[in-house]
Amino acid sequence: LVNEMIDAAASYVKAVVMMETAVANVLGLEGAEFREARTSTDRSRTLAHNSFISTVNAVNRLCDKRGVGRVYTGGEERREYGDFAFEIVRDIFEGRG
């Protein structure tokens, strides 16, 4: 389950990067084309974010059940979960050998 959480964190961070770079690529679009491109990338990011939040909450429930400290102690704000996802990915990247 912890590995699933790490994978979900990476997926969410990737979705954010994809959304932000897609915005740069759709700047020339207008009207319905722009809205569709923006909605598609935002939908992917939202799904990845929801998956990450669900997985974090499942890991925390497991921690509670086992009597160990929670992996996530932040608030319920979606932005805080997103920051936690980035921290996980950053820690892995910085810790590589």
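Predicted model: local features only at pLDDT ≥ 70, side-chain atom pairs only at ≥ 80, totals over all residues.

Trainee: What makes a stretch count as a helix, and how many residues does α2 have?

Mentor: A helix is a DSSP run of H or I with at least four residues (a strand is a run of E with at least two), numbered from the N terminus. Helix α2 covers residues 31–66 and has 36 residues.

Trainee: How do you know what span to expect for α2?

Mentor: The expected span is 1.5 Å times one less than the number of residues. For α2 that gives 52 Å, and the helix reaches 52 Å from its first C-alpha to its last, close to the expected value.

Trainee: Why is His49 called buried?

Mentor: Buried means under 20% relative accessible area, exposed means over 50%, and partly exposed lies in between (1.4 Å probe, protein chains only). His49, in helix α2, has a relative accessible area of 3%, so it is buried. Thr55, another α2 residue, is buried with 12%.

Trainee: And what makes Met18 partly exposed?

Mentor: Met18 has 48% relative accessibility, so it counts as partly exposed. You'll find Met18 in helix α1, residues 2–25.

Trainee: Which residues does Arg45 touch, and what makes that a contact?

Mentor: Contact means heavy atoms within 4.5 Å. Not counting residues up to four places away in sequence, Arg45 touches Tyr12, Ala15, Val16 and Met19. With the neighbours within four places left aside, Thr55 is in contact with Leu1, Glu4, Met5 and Ala8. His49, counted that way, touches Tyr12, Arg78, Tyr81 and Gly82.

Trainee: Why are α2 and α3 described as roughly perpendicular?

Mentor: Two packed helices are described by the angle between their axes and the distance between the axes. The axes are lines fitted to C-alpha atoms, for helices over the stretch in contact, and angles run from 0 to 180 degrees between N-to-C directions. Helix α2 and helix α3 (residues 78–94) pack at about 80°, with their axes 10 Å apart. Under 35 degrees would be roughly parallel, over 145 roughly antiparallel, 65 to 115 roughly perpendicular, and the rest oblique. So α2 is roughly perpendicular to α3.

Trainee: Which residues of α2 and α3 meet there?

Mentor: From α2, Thr46, His49, Asn50, Phe52, Ile53, Val56 and Asn57 meet Arg78, Tyr81, Gly82, Phe84, Ala85 and Ile88 in α3. By class, the contact has seven nonpolar, five polar and one charged residues. Nonpolar covers Ala, Val, Leu, Ile, Met, Phe, Trp, Tyr, Cys and Pro, charged covers Asp, Glu, Lys and Arg, and the others, Gly among them, are polar.

Trainee: How many aromatic pairs are there, and what makes a pair?

Mentor: The structure holds three aromatic pairs. Rings of Phe, Tyr and Trp (its six-membered ring) pair if their centres lie within 6.5 Å; planes under 30 degrees apart are stacked, over 60 edge-to-face, and the rest tilted. Phe52 and Phe84 are 6.1 Å apart centre to centre with 40° between the planes, a tilted pair. Phe52 is in α2 and Phe84 in α3, 32 residues apart, and the pair links distant parts of the chain. Both Phe52 and Phe84 are buried, and together with Tyr72 and Tyr81 they form one aromatic cluster.

Methods:
Residues numbered from 1 in each chain as written. Heavy atoms only, no water.
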